[in-house]
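Welcome! Please take a look at the structure below, and then let us walk through it together.

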Amino acid sequence: MREELIRVETLAKHYRVPKMKLFEKRQAVHAVDGISFGITEGEIFGLVGESGCGKSTTGQMIVQLVKESAGSIYYRDRKINDLSGAGMKALRQELQIVFQDPYSSLNPKKTIGWLLEEPLIIHGIGDKAERRKIVTETLEQVGLSSDYLKRYPHELSGGQKQRVGIAAALVLKPKFIVIDEAVSALDVSVQSQILNLLKELRDKLRLTYLFISHDLNVVQYISDRVGVMYLGKLVEIFDAGSTVDGPLHPYTKALFSAIPDVKGEKERILLKGDVPNPIHPPKGCAFHPRCPLATDKCGRERPALRSITPSHAVSCHLYEEGDIFQ
Ligand code: ADP
Ligand code: MG
């Protein structure tokens, strides 16, 4: 079995909400509320869920851009969330992130060549000629010729900018990349080109990804396993390629039912109400107020995320003990 590259244990982030009144009780947004999962070396682990469920916060905690409120993050069995100084700098090279919006993540005043060289300078890698060689090779890896070295971000199309965003993450030769809504702003045809490029790069460079998107269609296409988040919690982890072991959680089923079906045979499951406020998450199962199958128990007890097979786990009272085949 392949080694786990990343593991998070009961990871949580609570953001304090500013007080509106002087004597009001201090409140917190439970952005990520105690999640545990692992990503195997070479795997693409997809994270999906509606906007605000805590996907970006999870990715940013793993690459240490956001400090966790509780829990642990391991990289190759080494706890990394207490590192500082040199240890942290070395680690930054191995863990990278690609953001949704290449427009704001690329400085408009700098050439592509400069933008890609800068991380190498910061990490003290190579002399001028060596750095130029690495930058040119990295551009080639993302399908752009050396003609782009002298260009500015505004001269590029959305897809080309995102290729540069990926090159900026690759230039330090990382092992693990968080890819956060990186194709969400692109046209569908450009989306699939970038998704295929990401898959090719994973294979060629032996990378491991946490691939984040609100779009289950996209996540299902690129991922090996998928984690479904709802209100800061993981409600299901399933094997994206499995045809026998489909999604079980009523929330995952609702997300799947929203994907248009070519044959038009699927019945869409419409969820009641809105996503609850993460300042006051519901008691019991966070999904129960919107769940078409909720029972009294769901309002009282929070279900644990339980493994059903080695690659499938679900957090739902419907699938406890002998009830799996209901
Ligand atoms: P997603 O990426 O799934 O859309 P996020 O991780 O961005 O979700 O956000 C999860 C929750 O945390 C949301 O309710 C969001 O409003 C809140 N949140 C995110 N960042 C901050 C912040 N810096 N301060 C306060 N609340 C935040
Ligand atoms: Mg996000």
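Domain 1 and domain 2 bury about 2300 Å² between them, and carbon and sulfur atoms account for 67% of it. Here, buried area is the accessible area, found with a 1.4 Å probe, that two parts lose on being put together, summed over both. Within the share that domain 1 buries against domain 2, 23% is supplied by Gln 93, Pro 174 and Leu 197, more than any other three residues.

This is a predicted model, in which local features need pLDDT of at least 70 and side-chain atom pairs count only at pLDDT 80 or more, while totals for chains, interfaces and linings use all residues. Residues are numbered from 1 along each chain as its sequence is written, chains are lettered from A and ligands numbered from 1 in the order in which they are written, and side-chain values use heavy atoms, with hydrogens and water left out.

Where are the two domains? Domain 1 spans 4–94 + 174–319 and domain 2 spans 95–173, with bounds from an automatic or database domain assignment. Their centres, taken over C-alpha atoms, are separated by 28 Å. The contact (heavy atoms within 4.5 Å) takes 32 residues from domain 1 and 20 residues from domain 2.

Now for ligand 1. The residues around ligand 1 (a heavy atom within 4 Å) include Tyr 15, Val 29, Lys 55 and Pro 278.

| Protein atom | Distance to an oxygen atom of ligand 1 |
|---|---|
| Cys 53, backbone N or O | 3.2 Å |
| Ser 56, polar side-chain atom | 2.8 Å |
| Thr 57, polar side-chain atom | 2.5 Å |

Helix 1 gives the most to this shell, with 3 residues; helices are DSSP runs of H or I with at least four residues, numbered from the N terminus.

Methods:
Polar contact = N/O pair within 3.5 Å; in protein donor to acceptor, adjacent residues only side chain to side chain. Helix = DSSP H or I, 4+ residues; strand = E, 2+ residues; numbered from the N terminus.
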